Amino acid sequence: MIKLEHVSKAYSAGIPALNNASLYIREGEFVFLVGESGSGKSTFIRLLLKELEPTSGKIFINGQDIGQLKRKQIPKMRRNIGVVFQDFRLLRDRNVYENVAFAQRVVGTGTKTMRSRVPQMLSVVGLAAKYKSLPRQLSGGEQQRVAIARALVNQPKILLADEPTGNLDENNAWEIMNLLEEINKKGTTVVVVTHNLDIVKAMKKRVITLRKGIVVSDEDLGGTNEI
């Protein structure tokens with residue numbers, strides 16, 4: 001599903017942001033990516049989205065070497081990856097329905113499909129009754145649920161969540177993590193970048209740890225070592 005082979009990324013002279021990283025995330029896995037600031041987590045996400053090119057090494061998504069993609073092929077590749085950010089990144093002047101529908105308009109989804117799919121996703125995240133609400137009328141947890149619905153509406157195989165609970169209180173954070181777990185159980189591969197080690201320890205999933213760009217550990221807290 002996601003495979004890195006000896007991937008390094010250097011922005012300038014000095015320690016690479018990612019240093020000879022090799023890992024494999026299987027289809028349907030739920031994986032946490034942890035590490036201190038500057039450990040390479042954001043670089044990892046941007047490389048998967050092909051916003052950056054590795055200095056060396058290869059990256060495969062769904063068996064495809066994304067380094068071989070032409071520029072015009074990148075948007076199609078990204079449709080298989082939904083992304084959720086810490087700051088939600090919602091369109092402030094559009095309501096909940098329009099925020100989720102926007103992701104479908106971008107890829108040219110027909111109106112009939114959109115009218116079916118958007119309410120379905122809002123129901124999945126528990127916001128069917130708030131489809132007319134603007135982002136400012138929602139709590140932080142609700143806004144993140146909208147962001148998750150938007151990330152999933154095009155039915156991607158992979159969901160990347162970059163610090164999805166960073167701006168939320170503990171109760172809302174757990175609601176979002178439980179929602180991500182339910183999404184994973186339905187078959188979506190979920191990769192969560194986080195600093196919240198309490199959540200990581202409690203959920204007992206696979207944990208990949210980065211330190212100064214190096215994968216220093218890769219283990220399943222449920223009991224099976226992944227290395």
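Helices here are DSSP runs of H or I with at least four residues, strands are runs of E with at least two, and both are numbered from the N terminus. With that in hand, let's start at Pro16, which sits in the loop between β1 (2–9) and β2 (18–25).

Before I go on, a word on what we're looking at. This is a predicted model, where local features need pLDDT of at least 70 and side-chain atom pairs count only at pLDDT 80 or more, while totals for chains, interfaces and linings use all residues. Residues are numbered from 1 along each chain as its sequence is written, and side-chain values use heavy atoms, with hydrogens and water left out.

Okay, back to Pro16. Is it buried, exposed or partly exposed? Buried means under 20% relative accessible area, exposed means over 50%, and partly exposed is in between, using a 1.4 Å probe and protein chains only. Pro16 comes out at 22%, so it counts as partly exposed. If we leave aside residues up to four places away in sequence, Pro16 touches Lys9, Ala10, Lys212 and Gly213, where contact means heavy atoms within 4.5 Å. Gly40 is 24 residues from Pro16 along the chain, and their C-alpha atoms are separated by 8.6 Å.

Now to the inside. A nonpolar core, as I use it, is a set of buried Ala, Val, Leu, Ile, Met, Phe, Trp, Tyr and Cys residues joined through side-chain atoms within 4.5 Å. The largest one has 39 residues, and the members touching the most others are Phe30, Phe32, Ile148, Met177, Leu180 and Val192.

Take Phe30 as an example. Again not counting residues up to four places away in sequence, its contacts are Met177, Leu180, Glu181, Asn184, Val190, Val192, Met203, Lys205 and Arg206.

How many does that give? The count is eleven.

One of them joins Glu29 and Arg206, at 2.9 Å from N to O. Glu29 is in the loop between β2 and β3 and Arg206 is in strand β9 (residues 206–211), so this pair ties together parts that are 177 residues apart in sequence. Both ends are tucked away: Glu29 is buried at 11%, and Arg206 is buried at 4%. The two also belong to a network of salt bridges with Arg26 and Asp218.

Next, two other pairs. Lys3 bridges to Glu5, with the closest N and O atoms 3.2 Å apart; Lys3 is partly exposed at 34%, and Glu5 is partly exposed at 28%. Glu51 and Arg46 also meet in a salt bridge, at 3.3 Å from N to O. Here Glu51 is partly exposed at 44%, and Arg46 is partly exposed at 35%.

Last item: backbone angles. Asn62 isn't a glycine, yet its phi is positive, near 55°. Asn62 lies in the loop between β4 (56–61) and β5 (64–65) and is partly exposed at 33%. Gln155, also not a glycine, has a positive phi of about 55°. Gln155 is in the loop between α5 (140–152) and β7 (158–162), and it is exposed, at 56%.

Technical notes:
Salt bridge = Lys/Arg side-chain N within 4 Å of Asp/Glu carboxyl O.
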